[in-house]
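Here are some notes to read alongside the structure.

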Amino acid sequence: MDDAAREALALGERQVEFLERWARAGEAERLRDFALGLLDRSRTDDRVALVWHVARLLALTPGLDFALALRDLARELDPRELAGRASAGQPLEVCAELVASAEPADDRFVACLVQELVLRHGSLEREPFASSWRGLASRGHELAWLPLRLSRVEAAPELPSFSPHGEVRARLGPLDEGAGPDAGPAVGRIGAEATTPADAERILAAVAGWKAEARVFGLTGGAEQPLAVALGEAGLECLPSGLLGRRRAPSRGRQIRAADAWAAVFDLASGGGAYDDGEGGAYGRLHAWRSLGALAGATPDAPFDEVVDTVERASWYRFESDAGWFWNELYDLGLGAVSPDGRRLAVLAATDTD
């Protein structure tokens, strides 16, 4: 650590001002070396916070030198947040050079960066991104299941805007109070519960660690009923008990498109809730598709396009309850999906609010 870096470390409250002066002066390598020097010492909370501020400065200051310095630093940090910021702060041609010159040690950062860029640009099915993605797939990276283009269902994802000091993200929030009595599509009667541990794990992929309920039921043929009524008869923990302990139908609900279901699940997976910051765009996209595919009835090993097709052909219903399980805040979601053949109902209910 050089004398200037030692001076920055001793500045106390003026540290951030000093580091931002370096960024304005184009001193990317000095910022990187300063951060790596801090990581080599004791990782106290204040020093880790300073390292992350340096990383954000590198991500959001356009230029190849800054991007390369960020990639080096990302080997020592969780790359999800850094990739999201770099995708917003660096020109696409800089990101292309970053990807083209990467080594296998950079796989975690590069995989996240490429998917964040897909979310922002819609398609990256060209070089050097295509070759990099094939390499990640050959090395078994889990994000390589995702393609280098957005599907019709993902047409306009909500993404955050960034500054060195924070981010601004639009959140979807609860249903309108007037969403009221939309009964949803007609479905068969609730049959036997068919939830398996594997089903539950896949359904909950987007909200891991939250208070959540994942259930799967068979639907019988013959007499039909509104989906809202079927949900009330399913014995869901997230819905209130009525007379004689019977569960009641949701307080509010409406039938939604597959794109609306994806947006709601992606919002929670990528942006997090009251007690976590989410997975970022890349893993948020992956986990949203895992949850939606499981809800719609896609097989666990289905390729991406097959999952999209199943999700598009399923029937989707978003619901809420005033019972107390939900708080009807930003971080609540009730989602029901009827499989394309009409023989299966799956439910995801999640809340991250006390």
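1. By class, eight nonpolar, two polar and four charged residues make up the lining of the second largest pocket. The space in this pocket is about 230 Å³. It has 14 lining residues, and those closest to its centre are W145, R290, P300, D301 and A302. Helix α13 gives the most to this lining, with five residues. Keep in mind that the model is predicted.

2. The largest pocket holds about 470 Å³ of space. Its lining counts 27 residues, and E81, E167, D277, G278 and G280 lie nearest the centre. Sorted by class, the lining of the largest pocket has 14 charged, seven polar and six nonpolar residues.

3. Which helices supply at least two residues each to the lining of the largest pocket? They include α4, α6, α8, α12 (258–271) and α13 (280–296). The most comes from α6, which gives four residues.

4. Helix α8 is mostly covered, with twelve of its 15 residues buried. The buried residues of α8 include F109, V110, L113, V114, L117 and V118. Charged residues can be found on that list too, namely D107 and E116. Among the elements that cover the buried residues of α8 are α5, α6, α7, α9 (129–138), α12 and α13.

5. Helix α5 covers residues 64–74. Which of its residues are buried? They are F66, A67, A69, L70, R71, L73 and A74. The cover over these buried residues includes α2 (15–24), α3 (28–40), α4 (45–60), α6 (79–89), α7 (92–100) and α8 (107–121).

6. Now for the chain as a whole. The protein chain has 14 helices and eight strands. It has 354 residues, and 52% of them count as buried. The chain exposes about 15500 Å², of which carbon and sulfur atoms supply 48%.

7. A last point concerns contacts along the sequence. Taking contacts in the protein chain between residues at least 6 apart in sequence, 69% join residues at least 24 apart.

Note on methods:
Residues numbered from 1 in each chain as written. Predicted model: local features only at pLDDT ≥ 70, side-chain atom pairs only at ≥ 80, totals over all residues. Heavy atoms only, no water. Buried < 20%, exposed > 50% of the residue type's maximum accessible area, 1.4 Å probe, protein only. Contact = heavy atoms within 4.5 Å. Areas by Shrake-Rupley, 256 points an atom, 1.4 Å probe, with all protein chains shown as cover. 1 Å grid on protein atoms, 1.4 Å probe; cavity = no way out; pocket = protein on both sides within 12 Å on 5 of 7 lines; lining within 4 Å. Points joined across faces, edges and corners; volume = space filled by probe spheres on them.
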